[in-house]
Amino acid sequence: RRRRRAAELTGPGRTAEGHAVKLLVNLGAPQEWEAAAAAESEGVGLFRTEFLFLDRADAPSVAEQTDVYARVFAAFTGRRAVVRTLDAGADKPLPFATAADEQNPALGVRGLRTATRDPGLLDDQLRALAAAARDSAADVWVMAPMVSLPAEAAAFAERVRAHGLSTAGAMVEVPAAALRADALAGACDFLSIGTNDLSQYAFAADRTLASLADLLDPWQPALLDLVHMTATAGARHGRPVGVCGEAAADPALALVLVGLGVTSLSAAPGALPDIRAALAAHTLAECRELADIARTSPDAATARARVGERARF
Ligand code: PEP
Ligand code: MG
């Protein structure tokens, strides 16, 4: 029954009583663009730009990047397009941007940290994004991956604005960033929680190891605490707080995330209809109840089972 319902429902994400929750798509390489743009969504919540930099000896030129970004923005005219700046390192190594001699690449010079070592890389990307955004009618937001400190978010936001781009955000993927989410929210325009890395770093569990799947389960109450902390801080500062990790793709968990205070969910295009239907079947108050149930559960399996029993699908 849920399938039929999901197929019938269209339009912006909203709870049963109309509380808005933006439903956005995650986007990567060009072969994904057509389906993503055609999907019913309010835009892109995470444009992973790494594909432009992979399998090559040098970084792409500003002109080459501008062309790629312009095509994405054109496909999302009139919609939001949240672009993540280059997230090199760890599971995404690049010959020209990552050090080969790190013993723990996941804890090394990766994400935004790469820009400290090689500022030109980030400046070229921001230059290209600004040029593409200037000629487009998409609502372009730019965010940095792997932010650990409020000062890093502030410096990034200053740099984004110096390039003429108006909206700068920080991803929350490191527990320290969630713990200091108030200062982080005050330092930039929006926050986006990357639950894949936030799980990895909160549980000290390599995200690529299937044998650690229990620790990496996005229903872990400790992870939900970090999401709650971040969303609450964002709300205090009037900042949107999205989730763009895999957690957002599970409709029952999406209800919990909204109950924790998250204002947008970004997932693969195919996941959006079921999330939209789940939201439409629950009020915000019900989402908050489900969030309390999940967060006060002793473990991930119990959280999932209890919410599964209570949610209406
Ligand atoms: C995340 O870490 O949750 C995320 C969205 O980024 P990526 O999976 O690309 O690291
Ligand atoms: Mg990440």
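Helices α3 and α5 sit oblique to each other. (Angles under 35 degrees count as roughly parallel, over 145 as roughly antiparallel, 65 to 115 as roughly perpendicular and the rest as oblique.) This is a predicted model, in which local features need pLDDT of at least 70 and side-chain atom pairs count only at pLDDT 80 or more, while totals for chains, interfaces and linings use all residues. Residues are numbered from 1 along each chain as its sequence is written, and chains are lettered from A and ligands numbered from 1 in the order in which they are written.

Back to the pair: α3 covers residues 62-75 and α5 covers residues 119-134, and they pack at about 45° with their axes 8 Å apart. Axes here are lines fitted to C-alpha atoms, for helices over the stretch in contact, with angles running from 0 to 180 degrees between N-to-C directions. Helices (H or I, at least four residues) and strands (E, at least two) are DSSP runs, numbered from the N terminus. On the α3 side, Val62, Gln65, Thr66, Tyr69, Ala70 and Phe73 make the contact, and on the α5 side the list includes Asp124, Arg127, Leu129 and Ala132. "In contact" means that the C-beta atoms, placed from the backbone, lie within 7 Å. This α3–α5 contact has 9 nonpolar, 3 polar and 2 charged residues. For those classes, Ala, Val, Leu, Ile, Met, Phe, Trp, Tyr, Cys and Pro count as nonpolar, Asp, Glu, Lys and Arg as charged, and the others, Gly among them, as polar.

## The barrel

Now for the strands. A closed barrel of 8 of them runs from β1 through to β8 in order, with parallel pairing; a pair needs at least two bridges found by DSSP. From one strand to the next, the twist averages 25°.

Take β7 (residues 241-243) and β8 (residues 264-267): they run parallel and are joined by 2 bridges. Gly242 stands opposite Ser264 in β8. Helix α6 (residues 150-162) packs on the sheet too, touching β4 and β5, and its direction makes about 150° with that of β5.

## Around ligand 1

Among the residues around ligand 1 are Leu46, Arg48, Asp87, Glu173 and Cys244 (near means a C-beta atom, placed from the backbone, within 6 Å). Helix α9 gives the largest share of this shell, 3 residues, and β2 and α9 each supply at least two. By class, the shell holds 2 nonpolar, 4 polar and 4 charged residues.

Thr195, Leu198, Ser199 and Ala202 of α9 meet Ala222, Leu223 and Leu226 of α11. The α9–α11 contact has 5 nonpolar, 2 polar and no charged residues.

Finally, α12 (residues 251-259) and α14 (residues 284-295) pack at about 100° with axes 7 Å apart, which makes α12 roughly perpendicular to α14. Leu255, Val256, Val258 and Gly259 of α12 take part, along with residues of α14 including Cys287, Arg288 and Leu290. This α12–α14 contact divides into 7 nonpolar, 1 polar and 1 charged.

Technical notes: Two residues are in contact if their C-beta atoms, placed from the backbone, lie within 7 Å.
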